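Please open the structure in your viewer and keep the selection tool at hand. The stops below are meant to be followed in order.

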Amino acid sequence: MNYAAKRSEGAVPLSDLNQAWAELPDEDFSKLDETTKQTETLSRPSKSYWQDAWSRFRKDPLAMIGLFVLLAITVAAILGPMLSQYTYDGQDIARQNQGPSAEHWFGTDKFGRDIFVRAMYGARISLTIGVAAAAINLVIGVIYGGISGYFGGKVDMIMMRIVDILIGVPELLYIILLMMFLGNTIESILLAMSLTYWIGTARMVRSQVITLKHQEYVLAARATGSSNMRILFKHLIPNSMGPIIVTVTFLVPSAIFTEAFLSFLGIGIQVPMASWGTLVNDAIPTIFTQPYQMLFPAIAISITMFALNFIGDGLRDALDPRLKK
C-alpha cells in the first residue's frame, strides 16, 4: 500500500511520513528571504517592568513637569547659595526690609539678610528633611508591615494593636512633645517624624504581603527550603515595590509641610538657620508692610508640594499594571 492509499484510510505511520518527505524533489523547495519571513510577524521590543513604568511615566505631562520643577529646585538649592555673594546669616542693617531688586532678587528681611539666599538655603533643609524622613519611614514601615503580614496570627494581631494605639494619638502631638524635650534640631525633627509617619507605609505593606504570600512562586520558594526572611525580602517585598514607592513619594511633601508647620509655630529649625517654615514665621510681623517676605517662601512651598504630588500621581499610574493600555 502506497502513501496515498494509507492517507485515505486515515492512518499514516510516522515512518511512512518521513519516507514520503524524503522522496520529495529538492526543486519543490525554495528559501524565503528575510522580508517574506517578517511579513506576518507581530511583535514589539521587550521591556522590563521598570522600563515600561518609565515609558508610561514620561507620557504624563504633569508628572514630567513636576519632575523638572523638583530637579530645578534641587539644583537651585545646591548651587544658589554657593554662587551668591551673600550668606544665609549675613546681616546688613543698612539694607533691611528692602524690596525685590536686581541686587536682592527676593528683597531683604528685617536684619538685611538676602531672602533669595535664605530661601535657597531653606530648600536644602526642607528637602533634606522630607527625603530623609521618607527614607527612614520606608525602612521602618516595610520591615514592620512585612513581618506583620507574612507571619499573621498572634504576631499580626499584637503588631497591629500597637499601630492602632499609635494612630489614636495625633501625630503632631508626638512631634511637638519630642521637639520640646530634644530641642530644635534637624535630628530631633527626623526622630519625631520617624515615630509615627511609618504607620501608613506599614499598613499598606502588610496588605500587599497578605495578598501575595499565597501565590505560587512563594509556595515554590518555601518548598525549596527558603527561609522566611528570604521569602519576605527576596520575593514579597520586591513584588510590592510599586505601591510602596508611590506611598513614599507622598510622604516627602507631608514631611516638608510638617517641618514648615513646626517652624511656623516657632518650634522648628533654630535661628539663624533657615527653612521655608521659619522664613514664613519671621515674615508674620511684616505681612502687611513687606508682604514679599512671606510671599516667596510660601510660593516655594506651594510649588514643591504641587511638583511632588504630580510626581506621586504619575508614579501611581505608571506602576499600576491595571492602568496599562
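Begin with the largest nonpolar core, which has 65 residues, a nonpolar core being a set of buried Ala, Val, Leu, Ile, Met, Phe, Trp, Tyr and Cys residues joined through side-chain atoms within 4.5 Å. Select Met193, Leu236 and Trp276, the residues with the most contacts inside this core, and then helix H6 (residues 115-151), which gives the most to this core, with 14 residues. Helices here are DSSP runs of H or I with at least four residues, numbered from the N terminus, and buried means under 20% relative accessible area, exposed over 50% and partly exposed in between, with a 1.4 Å probe and protein chains only. Apart from this core lies another, of eight residues, among them Tyr144, Met159, Met160 and Leu166.

Before going further, note that this is a predicted model, in which local features need pLDDT of at least 70 and side-chain atom pairs count only at pLDDT 80 or more, while totals for chains, interfaces and linings use all residues. Residues are numbered from 1 along each chain as its sequence is written, and side-chain values use heavy atoms, with hydrogens and water left out.

Return to Trp276 and show its surroundings: leaving aside residues up to four places away in sequence, Trp276 touches Ile73, Ala119, Gly122, Ala123, Ser126, Pro297, Ala300, Ile301 and Thr304, where contact means heavy atoms within 4.5 Å.

Next, select helix H10 (residues 198-212), whose buried residues are Trp198, Ile199, Thr201, Ala202, Met204, Val205, Val209 and Leu212. These buried residues pack against several helices, including H6, H7 (153-167) and H13 (241-265).

Now move to Gly80, which is found in helix H5 (residues 61-83) and counts as buried because its relative accessibility is 14%.

Finish at Asn97, in the loop between H5 and H6, which has a positive phi of about 55° although it is not a glycine. Asn97 is partly exposed, with a relative accessible area of 28%.

Definitions and conventions: Helices (H or I, at least four residues) and strands (E, at least two) are DSSP runs, numbered from the N terminus.
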